[in-house]
Amino acid sequence: MSSREGKYEFETVALHGGYSPKKDSQSSRAVPIYQSTSFVFNDAEHAARLFALEEAGNIYTRIGNPTHDVFEKRVAELEGAEAGLVTSSGMSAIHLTAITLAEGGGEIVASKYLYGGTYHLFAETLAKYGIKTNFVDPHDFDAWEEAINEDTKFLYLESPGNPTLDIVDIEKVAKIAHQHGLKLVVDNTFCTPYLSQPIKFGADIVVHSATKYIGGHGSSIGGIILGPADFLLKARTEGYRDIGPAASPFNTWLFIQGLESLALRMDRHSENALKVAKWLEEHPQVEWVRYPGLESHPQHDLAKKQQRAFGGMLCFGIKGGIKAGKELINNVELCSLLANVGDARTLIIHPASTTHEQLSAQEQSEAGITDNLIRLSVGIENIDDIIADLEQAFNKVNS
Ligand SMILES: *Cc1c(COP(=O)(O)O)cnc(C)c1O
């Protein structure tokens with residue numbers, strides 16, 4: 001639109017980006033699911049040009065697919081990235097990014113406040129393939145600097161971090177990365193592009209678990225990588241093609257449905273989570289509350305700078321330690337006890353005994369996970385029902 005210099009706002013791109021009914025399909029208003037393994041070539045020469053990457057086109061869904069193409073273009077536009085690549089899971093997006101950047105071995109410098117699966121991938125699995133990770137306190141900029149050496153291939157962080165919800169200063173870490181000629185990769189799963197666009201703050205590559213808020217309904221596993229077109233072309237034609245972490249077109253179609261209501265859901269998640277956080281702060285059975293939207297959060301001002309709102313994730317420490325924590329999660333009725341986040345429904349978990357259980361006691365403590373920490377992924381139910389459920393569960397603790 002000319003009045004907006006050819007650019008639509010977030011909500012509009014989330015509904016229309018990357019797709020034109022007349023140009024891209026048989027005028028279908030909804031994005032079609034191209035549930036097909038392969039695509040017919042015009043002739044032998046056409047096939048040869050596609051294989052030689054001389055011409056863009058569809059070959060085989062392990063390499064690319066028209067439904068995937070819409071999702072990739074749409075999220076790229078929302079994140080302010082040149083291109084995207086959808087994968088079968090968030091973990092495969094992170095793995096593919098890491099092996100593409102750390103080709104031939106080398107080192108990663110990463111924040112120590114990471115999703116448990118990412119921590120394990122970096123600390124254990126990649127180490128077996130000769131890629132070593134140095135974990136640092138993400139707020140200690142000297143530590144980032146000192147951990148970088150001639151073998152370092154990229155820097156990696158998550159903001160807010162899981163499950164401690166530390167907000168990391170992306171601009172400062174990006175500056176350090178670029179001074180050393182390195183790329184910064186940011187896991188933006190908890191914010192989604194609606195709440196924060198790390199590329200604006202200097203990040204080079206963004207990864208998501210689309211399983212969470214982007215899908216938004218707890219129905220499908222998937223991931224996406226966003227970044228420079230040349231990096232994604234390399235990732236697609238090497239690791240993606242050879243290892244095979246392609247998404248299913250049906251799942252990608254569900255992620256497109258998720259994107260269409262993402263802004264509305266993230267606003268409601270953020271509004272509900274702030275209310276729950278304030279209610280917990282006043283609760284006599286609660287020792288502490290961590291939510292980026294609370295003034296008591298150590299990086300509250302940074303969260304205000306980097307994010308549009310504060311998201312749906314919060315954690316708190318219950319008085320009475322591990323025993324009280326277990327009693328609480330055993331007594332919720334509306335909240336679901338499970339290992340996921342970013343569902344439209346409210347979810348609850350005790351990370352020390354589940355998502356971060358693979359970590360040793362010392363690793364747990366380094367990652368900020370205490371025995372009494374409860375993580376809540378606040379949903380979009382009516383706020384009164386969420387609080388009433390937590391209240392009745394608190395009443396059953398120590399009874
Ligand atoms: C869930 C999650 C992942 C892993 O994604 P999957 O889709 O489960 O493979 C990575 N990072 C964060 C922050 C997550 O919450």
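**Entry 1: the largest cavity**

I began with the lining of the largest cavity, which has six nonpolar residues, three polar ones and no charged ones. The model I am reading is predicted. I asked how many cavities of 30 Å³ or more there are. The count comes to one. The volume of the largest cavity is about 40 Å³.

I then wrote down the residues that line the largest cavity: Pro-160, Leu-165, Phe-190, Pro-292, Gln-307, Phe-310, Gly-311, Gly-312 and Met-313. Both domain 1 (10-260) and domain 2 (264-395) give at least three residues to this lining.

**Entry 2: the largest pocket**

Next I turned to the open spaces. The largest pocket holds about 850 Å³. I found 32 residues in its lining, and Ala-56, Gly-57, Asn-58, Asp-69 and Arg-236 are the closest to the centre.

Which elements supply at least two residues each to the lining of the largest pocket? I noted helix 2 (21-24), helix 4 (66-79), strand 1 (83-87) and helix 10 (229-243). I also sorted the lining of the largest pocket by class: 15 residues are nonpolar, eight are polar and nine are charged.

**Entry 3: the second largest pocket**

The second largest pocket has a volume of about 340 Å³. Its lining has 24 residues. Closest to the centre of this pocket are Met-91, Tyr-115, Asn-162, Ser-209 and Lys-212. Helix 5 (90-101) and helix 6 (116-128) are the elements that give two or more residues to the lining of the second largest pocket.

I sorted this lining by class as well. The lining of the second largest pocket has eight nonpolar, twelve polar and four charged residues. I checked the domains too: domain 1 (10-260) and domain 2 (264-395) each give at least three residues to the lining of the second largest pocket.

**Entry 4: the ligand**

I looked up which residues come nearest to the ligand. There are 13 residues around the ligand, and the nearest are Met-91, Asp-187, Ser-209, Thr-211 and Lys-212. Met-91, Ser-209 and Lys-212 were already in my notes, among the residues closest to the centre of the second largest pocket.

Then I read off the polar side-chain atoms. Asp-187 has one that lies 2.7 Å from a nitrogen atom of the ligand. Ser-209 has one at 2.8 Å from an oxygen atom of the ligand. For Lys-212, an N or O atom in the side chain is 2.7 Å from an oxygen atom of the ligand. I asked how much of the ligand the protein buries. Taken alone, the ligand exposes 380 Å², and the protein buries 93% of that.

**Entry 5: the backbone**

Last, I checked peptide bonds and phi angles. Most peptide bonds are trans, and most residues other than glycine have a negative phi. I found exceptions here.

Ser-159 and Pro-160 are joined by a cis peptide bond, with omega about -10°. Pro-160 sits in the loop between strand 4 (152-158) and helix 8 (170-179). Pro-160 is also one of the residues that line the largest cavity.

A cis peptide bond also joins Asn-162 and Pro-163, with omega about -5°. Pro-163 is in the loop between strand 4 and helix 8.

Where is Ser-27? I found Ser-27 in the loop between helix 2 and helix 3 (44-51). Ser-27 is not a glycine, yet has a positive phi of about 65°.

Note on methods:
Residues are numbered from 1 along each chain as its sequence is written. This is a predicted model: local features need pLDDT of at least 70, side-chain atom pairs count only at pLDDT 80 or more; totals for chains, interfaces and linings use all residues. Side-chain values use heavy atoms; hydrogens and water are left out. On a 1 Å grid over the protein atoms alone, a cavity is a set of points where a 1.4 Å probe fits but cannot get out, and a pocket is an open set with protein on both sides within 12 Å along at least five of seven lines; lining residues have an atom within 4 Å of a point. Grid points are joined across faces, edges and corners, and a volume is the space filled by probe spheres set on the points. Helices (H or I, at least four residues) and strands (E, at least two) are DSSP runs, numbered from the N terminus. Ala, Val, Leu, Ile, Met, Phe, Trp, Tyr, Cys and Pro count as nonpolar, Asp, Glu, Lys and Arg as charged, and the others, Gly among them, as polar. Domain bounds come from an automatic or database domain assignment. A residue is near a molecule or strand if one of its heavy atoms lies within 4 Å of it. A polar contact is a pair of N or O atoms within 3.5 Å; within protein, one must be able to donate a hydrogen and the other to accept it, and residues adjacent in sequence count only if both atoms are side-chain atoms. Accessible areas come from the Shrake-Rupley method with a 1.4 Å probe; for residues, only the protein chains shown count as cover.
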